[in-house]
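This report covers salt bridges, a chain interface and helix packing. Please keep the sequence and the structure open while reading.

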Amino acid sequence: MLLLGYAALIILFYFLVGEQLHLRQSRGNRELPAADSGTVELTAGSVVEQSFITTIQRLEQIDVQWGTYYRPNAGTVLLELMDLRDSSVLLSGAFDAAAITEGGLTTLTAEEPIEGLYNVPLLLRITSPDCAVGSAASPLMNTQEKLEGGSLTLNGEPSEGVLCFAVKGTDYIWTGLHYWEFAAAGELLLLAGLGVIWLRLRQGRRSYVVNAVAAVQKYRFLIRQLVSRDFKTKYKRSVLGMFWSFLNPLLTMFVQYFVFSTIFKSDIPNYPAYLLIGIVTFNFFTEASGMALSSIVGNAGLITKVYMPKYIYPLTRVMSSVVNLGISLIPLVLVSLATGIEFRKSAVLSLFFFCCVIIFSLGVGLLLSAAMVFFRDTQFLWGVLSMIWMYVTPIFYPESILPEDFRFILRVNPMYHFLQNIRLCILNGISPEPSVYVQCTLMALGSLLIGALVFQKSQDRFVLYL
Amino acid sequence: MSRTVIEVSDVSMRFRMNSDKIMSLKEFVTTAMRGKLQYQEFTALDHVSFTVKRGETLGLIGRNGAGKSTMLKIISGILKPTEGNVVCCGNVVPMLELGSGFDFDLTGRENIFLNGAILGYSEDFLNAKYDEIVEFSELGNFIETPIRNYSSGMLARLAFSVATMVQPEVLIVDEILAVGDAAFQEKSKRRMLELMGGGTTVLFVSHSLSQVREMCGRVVWLEYGRVKMGGEAQEVCDAYEGG
């Protein structure tokens, strides 16, 4: 059963991730440098040559930035990409100079990505067969920058600086190429694990895994009862009942949308959906961790009278928040559809990151609930902390407004990674690269591990402090 | 009748007591810095040993603070003893103090399932026994109303009905037989006797000696955390009354 489930998941994942499994934006991509000067007026007979070495595995396109001297131009410009080893022309294209705008780009696109150019010296040559003086454009350059392993030549004269050009392509991802090997290895590991457990069981020894599974079996009914209790009592005596789970994020979104839309709207495409994903995800985190925080102290009456595994209390609180999360996904889908997002297959992958958020919250919840027993200050501290956390997570603002110096806050903030990838899956319709999945899984499991360890170590002393 | 169900061997329970309980981080840090983190040891149980055999009804008597409730908590697994250990076979069902496993916003029916789940019953079992529980509790149509509208007697009846509906291996009763009106008390006593007849081991804590004499076969008398006396119910009760 388990093995089949694993295999099914692996195959499903393969199809959902699609191209992003094998290819990622190349690390060797070259961005446009800031232009600070023109090169030469590109009349017939002028040549601008930029040699460079790329570390892109699959070269896809080259952009060149132009200046027009702020006048209408005419004629044709010719872009050629040559392989310096044998002087063969890899790519070439002719562009109408009249269509070039000041600071505009001409793009040389490969029909099929060109492979085999890794660490190969290349030459980008820009010429014009017919441009006349006074109506010719000029490629722009940056005079300060230096290009490692490349040089700029203007009409045959070597020159300082770098041409304003960008090179884009993709690289193969090693794990993606060996996906099936990895999958098979995982399957074998799982098989081996099951084998070991089975052997231990036959020898009559106890194993943690079996115990955990048995506990889940035994307490499933209890957990279900507690979750339904939480859920029933949450909106008891309110007229709209569980409809609030649905309305709450929507109303928050409307308020924040009206408040912030004038500031951030232009920076973010589809701001309502962007905002709502942030609100739903982060609301879940604060709700789950906040409820788990009080779960032990709040159930003191039960804990001191009946024996049951204590992790059940934070666990059920987090699970009832998961039910809430499920409901609040409905407005998310509705708003996304209403604002014109097409759901691609990668949207399903966002569920993976939602799972990461859930596991992460459970870890935090376990940690907090244990801390709360010993120090009642925890709830107030957490109130402040979660507020700070909310503001350092880009929920209603684009991450680009953070100054470079503070970017490190984002990198160490797991909620940021989860949130950003959920947005990537839903809004952009593409999957992040495989290493991101591993990263997020590790962050989630790390939190769970720490929380569970602290909880486990301290749970025997809970009763004495309640 | 001879299988040992509960074996309490040499159990000690010591609490660390601060002169006042430290509940906040600030207090903890400040007292720790002043070097005043001193704990007074308080011994609630001191090398207590006894065994209970299957089907027996053991009474625990003693003054307030003698360690009766601590003993029960250790047996039901809520507290871990500082020393010694307790071996307990089978499922232990504690009869909760009134309403502690209940949620007051839920109806009686929902509470039966919730409380049953907390006591470790299975879903099938509760479905099968649901009618019996309702009938025994004499709640009738009130079962569909939220229990915040119940009287205390109704709550107690509900709690008792849920707790005794199983045939638990060990039932822990901490002074709650005096619930409901006289008729219900009579009924619950009959139910208890029925359970004992069916092989349930009962641990019974009460200050009412007449009840203890009536229900229990053997009695353990605790005083200041030690076993003062243990043996036949009549004998120990007489001694307790005399002392």
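In this predicted model, the side chains of R125(A) and E49(A) form a salt bridge, with N and O 3.1 Å apart. R125(A) sits in strand β8 of chain A, residues 120-127, and E49(A) in strand β3 of chain A, residues 47-54, so the pair ties together parts 76 residues apart in sequence. Over all chains, the count comes to 24 salt bridges.

**Between the chains**

How many salt bridges does the rule find across the interface of chain B and chain A? There are four. A salt bridge also joins E123(B) to R224(A), and the closest N and O atoms of this pair are 2.5 Å apart. The contact involves 33 residues of chain B and 27 residues of chain A. About 2,800 Å² is buried between the two chains. Carbon and sulfur atoms give 64% of that area.

**Helix packing**

Two packed helices are described by the angle between their axes and the distance between the axes. Here are two such pairs, one in each chain.

| Helix pair | Angle between axes | Distance between axes |
|---|---|---|
| α5(A), residues 243-264, and α9(A), residues 312-338 | about 50° | 8 Å |
| α4(B), residues 123-137, and α5(B), residues 152-163 | about 140° | 9 Å |

Take the chain A pair first. Helices α5(A) and α9(A) pack at about 50°, which makes α5(A) oblique to α9(A). Their crossing is right-handed. On the α5(A) side, the contact is made by S245(A), F246(A), P249(A), L250(A) and M253(A). Helix α9(A) contributes N324(A), I327(A), S328(A), I330(A), P331(A), L334(A) and V335(A). By class, the residues of this contact are nine nonpolar, three polar and no charged.

Now the chain B pair. With an angle of about 140° between them, α4(B) and α5(B) are therefore oblique to each other. Is the crossing of α4(B) and α5(B) left-handed or right-handed? Helix α4(B) passes α5(B) in a right-handed crossing. I133(B), F136(B) and S137(B) make the contact from α4(B). From α5(B) come R157(B), L158(B), F160(B), S161(B) and V162(B). The contact of α4(B) with α5(B) has five nonpolar, two polar and one charged residues.

Methods:
Residues are numbered from 1 along each chain as its sequence is written. Chains are lettered from A and ligands numbered from 1 in the order in which they are written. This is a predicted model: local features need pLDDT of at least 70, side-chain atom pairs count only at pLDDT 80 or more; totals for chains, interfaces and linings use all residues. Side-chain values use heavy atoms; hydrogens and water are left out. Axes are lines fitted to C-alpha atoms, for helices over the stretch in contact, and angles run from 0 to 180 degrees between N-to-C directions. Helices (H or I, at least four residues) and strands (E, at least two) are DSSP runs, numbered from the N terminus. Angles under 35 degrees count as roughly parallel, over 145 as roughly antiparallel, 65 to 115 as roughly perpendicular and the rest as oblique. A crossing is left-handed if the near helix is turned anticlockwise from the far one by less than a right angle, and right-handed if clockwise. Contact means heavy atoms within 4.5 Å. Ala, Val, Leu, Ile, Met, Phe, Trp, Tyr, Cys and Pro count as nonpolar, Asp, Glu, Lys and Arg as charged, and the others, Gly among them, as polar. Buried area is the accessible area (1.4 Å probe) that two parts lose on being put together, summed over both.
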